[in-house]
Amino acid sequence: MTTVPTPEDDAVPETQAQSADVAPAAATRATTATTMPATPMVEALDVHKSYGRVEVLQGITLKVLPREVMCLIGPSGSGKSTFLRCINHLEKINAGRLSVDGELVGYQQRGSRLHELHEREVARQRTEIGMVFQRFNLFPHMTAIENIVEAPIRVKGEPRDSARAHARELLEKVGLGDRATAYPNQLSGGQQQRVAIARALAMRPKLMLFDEPTSALDPELVGDVLAVMRQLADDGMTMIVVTHEMGFAREVGDSLVFMDGGVVVESGNPREVLANPQHERTRSFLSKVL
């Protein structure tokens, strides 16, 4: 059985742990009736991931609070998408720990080591984490509504009638109430991505992960997808978004994390980081994309 070494408390890089503090805006959105600190929806502690000799993640430490929208930015190959895939165990970490809502993802702890869970338990965890990819990955032989109800019926055992009713509500939510019976090849790229978002929401996740959801779209189709994501944020969905849409990060994000070379270089309030980056590497990157 696969085991992963766990980090010691004093092994967390101090500079990175400090740089990943939650931005003030996140605290505002995450405020609840209680004054007790919220359990992080996502917590990464000294997470490492390698492919052979190439270390893609070199000790990621950060927290995402409930209802927070965290945007991850950085150049290609910086580890953003890999980190996102580690959160739902599509990629297995080599060291450190990742938890969602207080539960370790993909592993259980025995003594001082983490042991990988059976696939059935991993699948259960994934039902609570929605993910939207760059490519829509819709089943081409199924209509929009059939794509949406497939997982709730087959994975969660939801009755077909209630699954279809929920799917229709979600199609209305993403602005496609009149396209339930359309096949993917009858939809634009932006419409397909909105169906993909509805499909992820159909599992009623507690966390949504977006991996550059607009990067494969024509520019004029981007706005409709971002509007749906903005509404999800307003509804209180916890979201981690890998994006190159700096306007979305500035206006919707509660925290912004700039990654490069598998590490967190800089993080903070999106408006502050984008307007006044403190690290030279961040300034260099933003000068090319803003």
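Me: Which residue of β12 stands opposite C71?

Reply: This is a predicted model, where local features need pLDDT of at least 70, side-chain atom pairs count only at pLDDT 80 or more, and totals for chains, interfaces and linings use all residues. Residues are numbered from 1 along each chain as its sequence is written, and side-chain values use heavy atoms, with hydrogens and water left out. Strands are DSSP runs of E with at least two residues, and helices are runs of H or I with at least four, both numbered from the N terminus. The residue opposite C71 is L256.

Me: How many bridges join β4 to β12?

Reply: Strand β4 covers residues 69–73 and strand β12 covers residues 255–260. Two strands pair if DSSP finds at least two bridges between them. These two run parallel, and the number of bridges is 4.

Me: Which strands stand at the edges of the open sheet of 6 strands?

Reply: The order is β9-β10-β11-β4-β12-β13, with mixed pairing. An edge strand here has a single partner, so one side of it is left without a neighbour in the sheet. The edges are β9 (129–132) and β13 (263–268).

Me: What angle does α8 make with β11?

Reply: Axes are lines fitted to C-alpha atoms, for helices over the stretch in contact, and angles run from 0 to 180 degrees between N-to-C directions. Helix α8 packs on the sheet and touches β4, β10 and β11. Contact means heavy atoms within 4.5 Å. The angle with β11 is about 145°.

Me: Which residue in β6 does V100 stand opposite?

Reply: Look at strand β5 (residues 95–100) and β6. They pair in the antiparallel sense over 2 bridges. Opposite V100 stands E103.

Me: Is Q193 buried or exposed?

Reply: Buried means under 20% relative accessible area, exposed over 50%, and partly exposed in between (1.4 Å probe, protein chains only). Q193 sits in helix α7, where 13 of 13 residues are buried. Q193 has a relative accessible area of 0%, so the word is buried.

Me: Which backbone oxygen does the side chain of Q193 reach?

Reply: Q193 touches V132, F133, Q134, F136, P213 and V225, not counting residues up to four places away in sequence. At 2.9 Å, its side chain reaches the backbone oxygen of F133.

Me: How far apart are the end C-alpha atoms of α7?

Reply: The expected span of a helix is 1.5 Å times one less than its number of residues. Helix α7 (residues 189–201) has 13 residues, so it should span 18 Å. The model agrees, with the ends apart by 19 Å.

Note on methods. A polar contact is a pair of N or O atoms within 3.5 Å; within protein, one must be able to donate a hydrogen and the other to accept it, and residues adjacent in sequence count only if both atoms are side-chain atoms.
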